[in-house]
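I opened my notebook to look through this structure a few spots at a time. Here is what I looked up, in the order I wrote it down.

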Amino acid sequence: MRGAKSAKWVAIAGVVALTATACGGGDDDKGSGKVDPKGIVSYANGEPQNALQPSNTMEAYGSVVIDALFTGLVHYDKQGNITYENAESVTPDKANKVWTVKLKPGWKFHDNTPVNAKSYVDAWNWAADPANGQQNSSWYRDIVGYDKVHPEKGKAKAKTMSGLKVVDENTFTITLNSGIPYYAYKLVYKPFFPLPAAALKDPKKYGEAPVGNGPYKFKSWDHKKSIKVSAWPGYKGEDKPKNGGIDFKAYTTPNAAYQDLRSDNVDTMPLIPDSELANYKNDFGDRAITSDFSAINTINPAFYTKQWKDIDVKVIQGLSMAIDRETISKTTFYGTRKPASGWVARGVKGYKADACGEYCKFDAKKAKQLIKDGGGVPGNKISIQYNADQPHKGWVTAVCNDIQKNTGVKCVGDPVTDFQADTEIRDQKKVKSIYRSGWVLDYPFNGNFLADLYGTGVDGNKGGFSDKKFDELTKKADNAKTIDESADLYNQAEAELKNSFPGIPLWYNSTNSAYSKNVKNVEFDQAGDPILSEVQVFEK
């Protein structure tokens, strides 16, 4: 699914600040009460889908590790304002077409080679080359010359994008096909991280033992068991670790992670299992965490299958109206989720409630009629694919029960072993019917939940959805002169999705987590990720 100038970039207004709140009784300071600056934080994670390369990571298990190892040009604060990390400035021309990036001097990779303009330009050109198999390559599609390096059909006509130019040691320019007013926010995302020269010469080796420029340095990877990183003393960023390192423990079930959390055998986890939502505040007291973050869950048809290829949109609209989101949110999730009313997560610039209109509101009678008017579901049966290593079974069962009860369409869950297997099936376009999708912001702008997910041919579009009118509207939004105008035009693009329905919005996420007695200062950010560099470990 989660996170992002000689003249200061104008701050985005109207972004909701999302902060963690603790619930219950108790006390943070446990054990000796003294902090061990070399203490190791353990985090309940899972096995990443791919090698640890920024441009080949599009899922949570790998992303949280990449974020520890690498630091990009820019990020954003809780108010949605751009903050500068490895960049000293990111400045557009008047047309928002040519962006000049100046780096902070003196930064180095963990192998002590310099982080310079070439580190960025070479990494992006390498990742854009289809021969290197990077699943995030379409994120460079806005740059002039991408279509020559990565053509839709045929062989590449160039090895590098002409829109990237190294000016000097710490300066490079990015020339876009057309002006994009919010482009600095895109640079938050992982494909725009730098790589050392050695990583491009031997990407297989460096994917297993990555060398980054972030607050933590890679230590070891015991596949399907643990990834360990240690605090890097040479880090130049402001978010210097307040601990000695992180042990990303791989769990196959959330219940196993939860039991270890209760026993203080792991320090925190991304989400409490559904089966424990009623209990976790009592179990952890002040160490229970409840916070909103910018993410949305949907179920998406695989439009490349025979079942959905030429479906009448009324059928999907009807399935959506058959789901009682409010009741499932209150019962299955114990009120920790909010029913979704559109395709954009809350808390980002341009979010607009009720974009889905009546089709995201429960109406069993109309749901059944719409499906009938649309010619019915082929085979009168659907299956919802989900990864069984996270707490999805309960809500998938509840959604299927609603659909079957209210429309007569048979619905079953289709569990696969883990998130790695789930994402592989989606990438290979082998989903049988419908798949569970959860998307966390890469940057706090509505376009990230629209063009980056449902644009024709983009990397995030795993279901093969295509709507020419939607594509035209997103292109118009990208060509706007200001961020506010672009966000408004993306609202129009989202409204168009009611007529084509790329996926069925379900609910907006919340972070429901906790932490052990071994640590303090545990918070989660707007992307639902733990801010691990701030965690402090008590002496034992």
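**Entry 1: a loop asparagine**

I began with Asn 448, which sits in the loop between strand 16 (434–440) and helix 14 (451–454). I kept in mind that this is a predicted model. Is Asn 448 buried or exposed? I found it buried, because its relative accessibility is 0%. Its side chain makes a polar contact with the side chain of Asp 452, at 3.0 Å. Setting aside neighbours within four places in sequence, I listed Trp 139, Trp 439, Val 440, Leu 441, Asp 442, Tyr 443 and Leu 453 as the contacts of Asn 448.

**Entry 2: the whole chain**

Next I stepped back and noted 16 helices and 19 strands in the protein chain. Its radius of gyration is 23 Å, close to the 24 Å that the globule rule gives for 540 residues, so I wrote it down as being as compact as a globular protein of that length. The C-alpha atoms fill a box of roughly 65 × 60 × 40 Å along the principal axes. I also noted that 59% of the 540 residues count as buried. The chain exposes about 21,400 Å², and carbon and sulfur atoms supply 49% of that area.

**Entry 3: helix 1 and its surroundings**

I then turned to helix 1 (residues 60–69), where eight of the ten residues are buried, so the rest of the structure largely encloses this helix. The buried ones are Tyr 61, Gly 62, Ser 63, Val 64, Val 65, Ile 66, Ala 68 and Leu 69. What do they pack against? My list reads strand 2 (40–45), strand 9 (216–222), strand 10 (226–231), strand 11 and helix 13 (419–427). At the start of helix 1, I saw a side-chain oxygen of Glu 59 reach to within 2.9 Å of the backbone nitrogen of Tyr 61.

**Entry 4: a buried aspartate**

Asp 247 is buried yet has no salt bridge. Which side chain of opposite charge is nearest? I found Lys 228, 4.7 Å away. Beyond its neighbours within four places in sequence, Asp 247 is in contact with Ile 40, Val 41, Ser 42, Tyr 43, Ser 226, Ile 227 and Lys 228.

**Entry 5: Tyr 146**

I looked up Tyr 146 in helix 3 (residues 146–149). Tyr 146 counts as buried because its relative accessibility is 9%. A polar atom of its side chain lies 3.4 Å from the backbone oxygen of Ser 137. Met 161 is 15 residues from Tyr 146 along the chain, and their C-alpha atoms are separated by 5.4 Å. Not counting residues up to four places away, Tyr 146 touches Ala 128, Ser 137, Ser 138, Tyr 140, Arg 141 and Met 161.

**Entry 6: salt bridges**

How many salt bridges does the structure hold? I have 15 on record, and I looked into a few. Asp 147 pairs with Lys 148, with the closest N and O atoms 4.0 Å apart. Asp 147 is partly exposed at 47%, and Lys 148 is partly exposed at 40%.

Asp 283 forms a salt bridge with Arg 262 at 3.8 Å. This pair links distant parts of the chain, 21 residues apart, with Asp 283 in helix 8 (residues 280–284) and Arg 262 in helix 7 (residues 254–262).

My last pair was Glu 496 with Lys 469, at 4.0 Å from N to O. Glu 496 lies in helix 16 (residues 483–496) and Lys 469 in helix 15 (residues 468–478), so the bridge ties together parts that are 27 residues apart in sequence. Glu 496 is buried, at 8% relative accessibility.

Methods
Residues numbered from 1 in each chain as written. Predicted model: local features only at pLDDT ≥ 70, side-chain atom pairs only at ≥ 80, totals over all residues. Heavy atoms only, no water. Buried < 20%, exposed > 50% of the residue type's maximum accessible area, 1.4 Å probe, protein only. Lys, Arg positive; Asp, Glu negative; His and termini not counted. Contact = heavy atoms within 4.5 Å. Helix = DSSP H or I, 4+ residues; strand = E, 2+ residues; numbered from the N terminus. Polar contact = N/O pair within 3.5 Å; in protein donor to acceptor, adjacent residues only side chain to side chain. Rg over C-alpha atoms; globule rule 2.2 N^0.38 Å. Areas by Shrake-Rupley, 256 points an atom, 1.4 Å probe, with all protein chains shown as cover.
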